[in-house]
Amino acid sequence: MNDKLKQFIDDAFKSYGDFPARKDVVQELLANLTERYNDHKADGKSDGEAYSLTVESFGDVSEIMAQVAHSQEKTADTEKDDRFRATSLLDADLADTKLSAFDFSMSALVGANFDKSNLRAAKFKATALKGASFVGADLSGAHFDGSAVQEANFHNANLTETAFNRCAFKDVVFGGAILDRATFKRSDLNGVQFDGLTLRGTIFDKSSLKNATFKGTVLEDVSFHHSETKKAIFDGATMDKLTYALLKGMKANLDNVTVK
């Protein structure tokens with residue numbers, strides 16, 4: 001099935017030729033489609049049904065290409081900087097600093113101060129960030145993978161299109177943060193507060209949300225695919241019909257929710 005999905009992607013992009021990021025785009029899309037296919041199979045669908053549902057969810061190629069172009073524009077004037085990769089910066093003061101596209105992977109940044117810093121497209125893979133502060137920082141497009149972010153403070157941070165994968169968020173602060181199209185996958189969000197925020201296109205897939213709170217939160221096109229939501233608290237939240245239907249199907253408590 002992997003070969004069949006790859007052929008589908010190759011055919012979809014045939015008219016665009018060998019654009020610069022083609023290999024990376026195809027690899028990422030193939031991984032995403034393969035995951036969706038496996039999810040459909042796990043839900044009891046036949047091979048043919050799973051394939052049809054997967055390719056139907058692919059979307060418009062022109063929109064994908066527009067996103068690729070936008071991503072290239074954002075990073076065209078930034079060069080990856082790995083001087084802080086695998087280093088120790090405990091309690092470092094890096095507030096109000098230009099750090100876009102910096103690679104902080106495998107570093108110890110416990111208690112570091114990144115308040116109001118430019119961290120667009122920065123990378124934090126297997127990074128120790130307990131108690132780090134990102135108040136008012138721009139983390140749009142940043143990547144956190146397998147990082148420990150317990151007690152980190154993202155108050156008023158810009159987390160647009162920021163990706164969090166396999167992270168632990170105990171006692172993390174998100175008050176006032178922008179989380180448009182942010183992604184939380186396979187992460188521990190138990191007890192985290194998203195109260196009063198507006199979430200647009202935010203993704204909480206395959207994550208644990210036990211006792212997470214969304215009190216007074218506005219949810220628009222938010223995904224909770226394969227996540228634990230039964231004990232999440234949505235008291236006073238406002239959400240669109242699709243988000244409501246998905247959460248209702250997952251047995252979430254929606255007694256005091258407004259549907260718009």
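1. The side chain of Glu49 comes within reach of the backbone nitrogen of Ser46, at 3.0 Å, a polar contact being a pair of N or O atoms within 3.5 Å in which, within protein, one must be able to donate a hydrogen and the other to accept it, while residues adjacent in sequence count only if both atoms are side-chain atoms. This is a predicted model, in which local features need pLDDT of at least 70 and side-chain atom pairs count only at pLDDT 80 or more, whereas totals for chains, interfaces and linings use all residues. Residues are numbered from 1 along each chain as its sequence is written, and side-chain values use heavy atoms, with hydrogens and water left out.

2. Glu49 belongs to helix H3, residues 47-56; helices (H or I, at least four residues) and strands (E, at least two) are DSSP runs numbered from the N terminus. Glu49 counts as partly exposed because its relative accessibility is 43%, where buried means under 20% relative accessible area, exposed over 50% and partly exposed in between, with a 1.4 Å probe and protein chains only. Between Glu49 and Tyr37 the C-alpha to C-alpha distance is 9.3 Å, and they are 12 residues apart in sequence.

3. How do H2 and H3 pack? Helix H2 (residues 22-42) packs with H3 at an angle of about 135°, and their axes are 9 Å apart. The residues that meet are Leu33, Arg36, Tyr37, His40 and Lys41 in H2 and Asp47, Ala50, Tyr51, Leu53 and Thr54 in H3, contact meaning heavy atoms within 4.5 Å.

4. In the largest nonpolar core, which has 54 residues, Phe154, Phe214 and Phe234 touch the most other members; such a core is a set of buried Ala, Val, Leu, Ile, Met, Phe, Trp, Tyr and Cys residues joined through side-chain atoms within 4.5 Å. Apart from this core lies another, of 14 residues, among them Ile9, Ala21, Leu30 and Tyr37.

5. Arg186, although not a glycine, has a positive phi of about 55°, and it lies in the loop between strand S4 (183-185) and strand S5 (198-200). Lys206 likewise has a positive phi of about 55° without being a glycine, and its loop runs between strand S6 (203-205) and strand S7 (218-220). Arg186 is partly exposed, with a relative accessible area of 41%, and Lys206 also counts as partly exposed, at 26% relative accessibility.

Methods
Axes fitted to C-alpha atoms, helices over the stretch in contact; angles between N-to-C directions.
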